[in-house]
Amino acid sequence: MAELCGVVGIGQTQHDAKRTDVSAPGLLREAATRALEDAQLTWSDIDAVVIGKAPDMFEGVMMPEIAMGDALGAAGKPILRVHTAGSVGGSTAVVAASLIQAGIHDRVLTVAYEKQSESNAMWALTIKIPFQQAIVAGAGGYFAPLIRAYMARSKAPEDTGIRVALKDRLNALKNPYAHLKIPGVDFDQVANSPMLWDPIRYLETCPSSDGACAMVLSSEKAAESAPTRPAWVWSTAMKSEPTMFSGRDQVNPQAGKDCAAELYKKAGITNPRKEIDAAEIYVPFSWFEPMWMENLGFAEEGLGWEMTYEGATALDGDLPVNCSGGVLSSNPIGASGMLRFAEAAMQVRGQAGEHQVEGARKALGHAYGGGSQFFAMWIVGSEKP
Amino acid sequence: MSEAESELVQSITTPLRLEYQYTAGVASTRFLRGMADGKILGQRCPQCEKVYVPPRGSCARCGVATDLEVQVPGTGTITTFCVVRIPSDSLDIDPPFVAAHILLDGADIPFFALIQECHFDEVRMGMRVEAVWVDAEDLGPTFESIRYFRPIDEPDAPFESYKEHL
């Protein structure tokens, strides 16, 4: 029987296009210090650090975690880096939780970040493969054809993506840490924003952000001294699949379905839509909300769009999704997955302020990465499992 | 903020260069040499019998080597696509342009390719296309021996025929 793991401290930075006031280690320290303050702990209480970020090609600095050890209070302690592309923030939290669940450590600091202002993600993701034309324009260039495929398969109303974007942009106005805030944003403004990768519009796309997220994870025993109610980890799961094989369903990937099935089984959940009170899902382009609603088993295949359309995923719906404004509003890539996990924990701790789902007792955090091939998820609850 | 502060250098962009030797591997080498001859060579999985173009030397679904070579024609179907309207330094072409998933006739996996010789608003899922090659004297061991794909005068392929290959 694994040890219980609780989230006893959560911190995130002010996310912005350019945080020129801090270095990358400074950005991480801002989030980590807030997580420690939330847990009423100090650096010396931490046994190990688990860190995640997007591939080193983004900022062009190899293995930055080595030079960040001091800034993270990790001198003389184990430090571990996790690499799973865009899903890394989620996988990093899962790895950190496993160190508690395995009884190896009592308190682990887990952090994730990206300083996109010091990088060029569009360049890094427009890969020039030898002997081929470079025509896949960044992440949007890769995912836009999959969105078009979903639209054709589901026959979803064409404005579904606009509705998702509008919901998340309105939610962001309630989140003090969100990067992209557009006061007064409305349907027409999203609908009339330019196409970047047709069928993806500008306002249906995530921004490039500088930001970091941190959590202090604790064993059951060490959590007894926690000043506030921990979020208890009910289950975690990670799955992946190859990028290319014949017949691969990239719209509704098998690895995501398998990951969700394992996650629910471990948590004893049989009806996710009914038993989960809030979800933070990795939605970098608006149409991925309905796509992931199906992949996560909240809706039948082809019907995920109905949840958006009926308002089920709104803050006052039956399954509020991305109450924080989500990746569409803040996208420090490496941290984006951990922010989903942390926001889920904030919901069950009653810490989410204006974007709190009233009485949330169980919440899902989700991240995906690569060519829709890496998945990481957790379910956290207000009660112990 | 004072004038002196506003002039502080907060970041600089520096060039970065990496030189590396690319080893294509057995399957890609066969494919690239085929390109130099104006042929499109794929490989069939001995287990599921799916044809991979370009070949990778293995079928990731079955976990087995693919060593049965097959030649496929330059005609195929657009299974899905996007219209790229955002510029990037590392793109080989200026937007707007269409990047499409193309399923060649006889192949069982699509690849990304450029669509030209029609307005981007006319591109559809299911549209039939053909490869446009460089001139014979310019053929070389590169996928870039195919310049792009262009529409051909055939009825669109039905959705059912390519829905497994979006």
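**Exercise 1.** In what order do the 3 strands of the open sheet in chain B stand, and is the pairing parallel or antiparallel?

*Solution.* Keep in mind that you're looking at a predicted model.
- Step 1: Walk across the sheet in chain B, and you get the order β2-β1-β5, with antiparallel pairing.
- Step 2: Now look at the edges. β2 (51-52) and β5 (68-72) of chain B each have a single partner strand, so one side of each has no neighbour in the sheet.
- Step 3: Zoom in on one pair. Strand β1 (residues 40-44) of chain B runs antiparallel to β5(B), and 5 bridges link the two. Along this pair, B:Q43 sits opposite B:E69 of β5(B).

**Exercise 2.** Work out the strand order of the open sheet of 9 strands in chain A, and find its edges.

*Solution.* 
- Step 1: Trace the strands of chain A across the sheet: β3-β2-β4-β7-β1-β8-β11-β10-β9, with mixed pairing.
- Step 2: Check the two ends. β3 (79-82) and β9 (278-280) of chain A each pair on one side only, which makes them the edge strands.
- Step 3: Follow the twist, which averages 25° from one strand to the next.
- Step 4: Pick a pair from the sheet. Strands β4 (residues 107-115) and β7 (residues 210-219) of chain A are antiparallel, with 9 bridges.

**Exercise 3.** Which strands of chain A does helix α8 (residues 254-267) lie across?

*Solution.* 
- Step 1: Helix α8 of chain A lies across β8 (231-240), β10 (362-369) and β11 (374-381) of chain A.
- Step 2: For the direction, compare with β8(A): the helix runs at about 150° to that strand.
- Step 3: Another helix, α13 (residues 333-349) of chain A, packs on the sheet too, and the strands touched include β1 (5-12) and β2 (48-52) of chain A. The direction of α13(A) makes about 175° with that of β10(A).

**Exercise 4.** At what angle do helix α3 (residues 88-101) of chain A and α13(A) pack?

*Solution.* 
- Step 1: The angle is about 55°, and the axes are 5 Å apart.
- Step 2: Name the arrangement: α3(A) and α13(A) are therefore oblique to each other.
- Step 3: See who makes the contact. Among the residues are A:V88 and A:T92 of α3(A), along with A:M338 and A:F341 of α13(A).
- Step 4: Sort the contact by class, and you find 6 nonpolar, 6 polar and 1 charged residues.

Note on methods:
Residues are numbered from 1 along each chain as its sequence is written. Chains are lettered from A and ligands numbered from 1 in the order in which they are written. This is a predicted model: local features need pLDDT of at least 70, side-chain atom pairs count only at pLDDT 80 or more; totals for chains, interfaces and linings use all residues. Two strands pair if DSSP finds at least two bridges between them. Helices (H or I, at least four residues) and strands (E, at least two) are DSSP runs, numbered from the N terminus. Axes are lines fitted to C-alpha atoms, for helices over the stretch in contact, and angles run from 0 to 180 degrees between N-to-C directions. Two residues are in contact if their C-beta atoms, placed from the backbone, lie within 7 Å. Angles under 35 degrees count as roughly parallel, over 145 as roughly antiparallel, 65 to 115 as roughly perpendicular and the rest as oblique. Ala, Val, Leu, Ile, Met, Phe, Trp, Tyr, Cys and Pro count as nonpolar, Asp, Glu, Lys and Arg as charged, and the others, Gly among them, as polar.
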